[in-house]
Amino acid sequence: MDFKLSEEDLELKQMARELAEKRLYPIAEEMDEKGETPEELIKECAELGYMGFTVPEEYGGLGMSATSFMGVLEEICAAAAGFGIMLSVHNSLCCEIIKLYGTEDQKKKYLPEMAAGEKIGAYCITEPDAGTDVASLSTHAVDKGDYYELNGTKTYVTNGAFAKVFIVFAKTDPDAGGRGISTFIVDADSEGLTVGKAERKCGMKCSDTRELSFSDVKVPKENLLGEPGGGFKMAVSILNSGRIGVSFQSIGIAQAAFNEALKYSKERVQFGKPIAAFQAIQFKLADMATKIDAGRLLAYRAAMLKDAGEPCHREASMAKMFCSEMANFVANEAVQIHGGYGYIKEYPVERYFRDARVTMLYEGTSEAQRMVVSRDLLRE
Ligand SMILES: Cc1cc2nc3c(=O)[nH]c(=O)nc-3n(C[C@H](O)[C@H](O)[C@H](O)COP(=O)(O)OP(=O)(O)OC[C@H]3O[C@@H](n4cnc5c(N)ncnc54)[C@H](O)[C@@H]3O)c2cc1C
């Protein structure tokens with residue numbers, strides 16, 4: 001495969017780096033402390049087209065490829081990964097699912113406002129008792145003629161506090177397991193929808209994470225996405241986009257942690273020499289840089305396969321598994337190279353270390369990725 005990025009993609013990535021360095025990085029620590037996503041930053045991103053990166057131009061988006069968006073996401077996550085998740089969930093999951101499975105009316109109704117950043121998306125699969133085992137979810141929607149009546153609880157909903165469009169997976173046929181799951185577009189102002197308190201997290205603190213509950217919420221029939229019972233297949237296919245997104249979040253965090261470690265290793269003097277003069281530190285840097293490159297290659301392969309319309313289920317899971325574990329390795333080594341200073345908040349590696357952890361959990365844990373990859377290998 002040709003991994004060369006186009007001139008346009010490189011330019012967009014460079015612009016994103018400038019935005020990240022000027023606007024995001026200087027306030028990343030403050031956003032982490034406060035646990036907030038500033039509204040004006042979302043507006044700035046919307047003006048640059050980042051809220052509808054892969055949405056077709058006819059629906060108000062930039063109409064760019066997933067590969068192009070991933071380059072931008074990496075830069076944003078290198079500065080403030082918690083902010084990057086907001087973009088990732090909105091674009092790679094919510095806009096993507098409507099773009100791929102929505103009717104013409106649904107696309108016209110939702111995509112332009114989403115691409116303009118006026119309506120942010122949230123993606124709701126996980127429940128208190130249904131995580132990896134998605135097919136066991138218990139939120140249910142009953143056909144009432146003109147509408148579905150939705151009841152249940154979703155947890156860990158990213159963007160939950162300010163999202164205006166919720167993509168909700170619910171059982172329409174409770175006895176049919178995964179084949180009984182359907183997907184709905186639920187408006188935030190629907191009566192009976194309650195947004196819970198913010199979760200207090202270890203990392204990615206400026207990203208908003210909430211519980212949502214649905215009590216007799218009336219969802220109009222025209223808000224069913226795709227066919228009744230098609231939700232599980234849809235979730236699996238969209239997860240590929242999400243997993244490629246998490247791969248690039250991880251690469252962004254790892255690259256930022258590596259850059260800090262490299263810089264620090266040249267500055268910190270012990271035994272009369274910069275610590276970079278010691279082979280133990282040099283080998284750490286070599287391992288970190290090699291793993292980042294390997295992750296980036298895996299992740300671009302998956303993104304480019306997706307853009308080419310080719311199957312990328314195994315490749316997306318391989319990339320997500322490798323990149324998230326790589327980011328944890330690199331961030332941990334970056335702390336080690338900083339010694340005690342790496343453990344205190346004055347140095348950003350402390351934040352990268354905390355932010356990296358969740359990449360092995362969401363959009364399917366590392367164990368779930370290994371299940372996907374091994375099943376695919378054994379099927380051959
Ligand atoms: C910050 C954050 C943001 C999130 N955002 C969203 C969001 O926007 N929308 C959303 O729907 N969800 C979201 N999630 C939820 C996330 O996707 C789930 O946490 C994840 O899928 C794992 O589910 P679980 O937490 O219930 O773990 P469980 O499924 O209970 O797993 C617990 C452990 O058991 C392992 N395990 C489970 N089954 C098996 C098996 N068959 N074989 C081997 N090991 C297994 C897991 O790998 C894990 O180690 C978010 C989570 C976090 C932390």
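**Entry 1: ground rules**

Helices (H or I, at least four residues) and strands (E, at least two) are DSSP runs, numbered from the N terminus. I am working on a predicted model, in which local features need pLDDT of at least 70, side-chain atom pairs count only at pLDDT 80 or more, and totals for chains, interfaces and linings use all residues. Residues are numbered from 1 along each chain as its sequence is written, and side-chain values use heavy atoms, with hydrogens and water left out.

**Entry 2: Gly177**

I started with a loop. Gly177 sits in the loop between β4 (165-171) and β5 (181-187). Is Gly177 buried or exposed, or something in between? Gly177 is partly exposed because its relative accessible area is 27%.

Next I looked up its contacts. Contact means heavy atoms within 4.5 Å. Leaving out residues up to four places away in sequence, Gly177 touches Ala135 and Lys171. I also checked Lys144. From C-alpha to C-alpha, Gly177 and Lys144 are 21 Å apart in space, and they are 33 residues apart in sequence.

**Entry 3: helix α2**

I moved to helix α2, residues 39-47. Which residues of α2 are buried? They are Leu41, Ile42, Cys45 and Ala46. These residues lie on the same side of α2, because they cover an arc of only 145 degrees around the axis. The arc is that of the directions from the helix axis to the C-beta atoms. An α-helix has 3.6 residues a turn, so residues three or four places apart point the same way.

On the face turned away from the buried side, I found the exposed residues Lys43 and Glu47. The buried residues of α2 pack against α1 (7-34) and α3 (66-101). Just after α2, Gly49 takes a positive phi of about 90 degrees.

**Entry 4: α2 against α3**

How do α2 and α3 cross? Their axes come within 12 Å and cross at roughly 50 degrees. Axes are lines fitted to C-alpha atoms, for helices over the stretch in contact, and angles run from 0 to 180 degrees between N-to-C directions. That angle makes α2 oblique to α3. I wrote down the cut-offs: under 35 degrees is roughly parallel, over 145 is roughly antiparallel, 65 to 115 is roughly perpendicular, and the rest is oblique.

The crossing of α2 and α3 is right-handed. A crossing is right-handed if the near helix is turned clockwise from the far one by less than a right angle, and left-handed if anticlockwise. Leu41, Ile42 and Cys45 of α2 meet Phe83, Met86 and Leu87 of α3. By class, this contact has 6 nonpolar, no polar and no charged residues. For the classes, Ala, Val, Leu, Ile, Met, Phe, Trp, Tyr, Cys and Pro count as nonpolar, Asp, Glu, Lys and Arg as charged, and the others, Gly among them, as polar.

**Entry 5: α8 and its partners**

I took α7 first. Helix α7 (residues 313-338) and helix α8 (residues 349-357) pack at about 155 degrees, with axes 9 Å apart. The two are therefore roughly antiparallel. Their crossing is left-handed. Among the residues in contact are Ala331 and Val335 of α7, and Tyr352 and Phe353 of α8. This contact has 8 nonpolar, 3 polar and 1 charged residues.

Then I took helix α5, residues 231-267. The axes of α5 and α8 come within 10 Å and cross at roughly 155 degrees. So α5 and α8 are roughly antiparallel too. Ile253, Ala256, Ala257 and Glu260 of α5 meet Val349, Tyr352, Asp355 and Ala356 of α8. I counted by class 6 nonpolar, no polar and 2 charged residues. The crossing of α5 and α8 is left-handed.

Gln369 is in helix α9, residues 366-379. Gln369 counts as buried because its relative accessibility is 0%. Leaving out residues up to four places away in sequence, Gln369 touches Arg243, Ser317, Lys320, Met321, Glu363 and Gly364.

Glu363 is in the loop between α8 and α9. Its phi is near 55 degrees, a positive value in a residue other than glycine. Most residues other than glycine have a negative phi. At 17% relative accessibility, Glu363 counts as buried.

Tyr156 also has a positive phi, near 55 degrees. Tyr156 lies in strand β3, residues 147-158. At 59% relative accessibility, Tyr156 counts as exposed.

Technical notes:
Buried means under 20% relative accessible area, exposed over 50%, partly exposed in between (1.4 Å probe, protein chains only).
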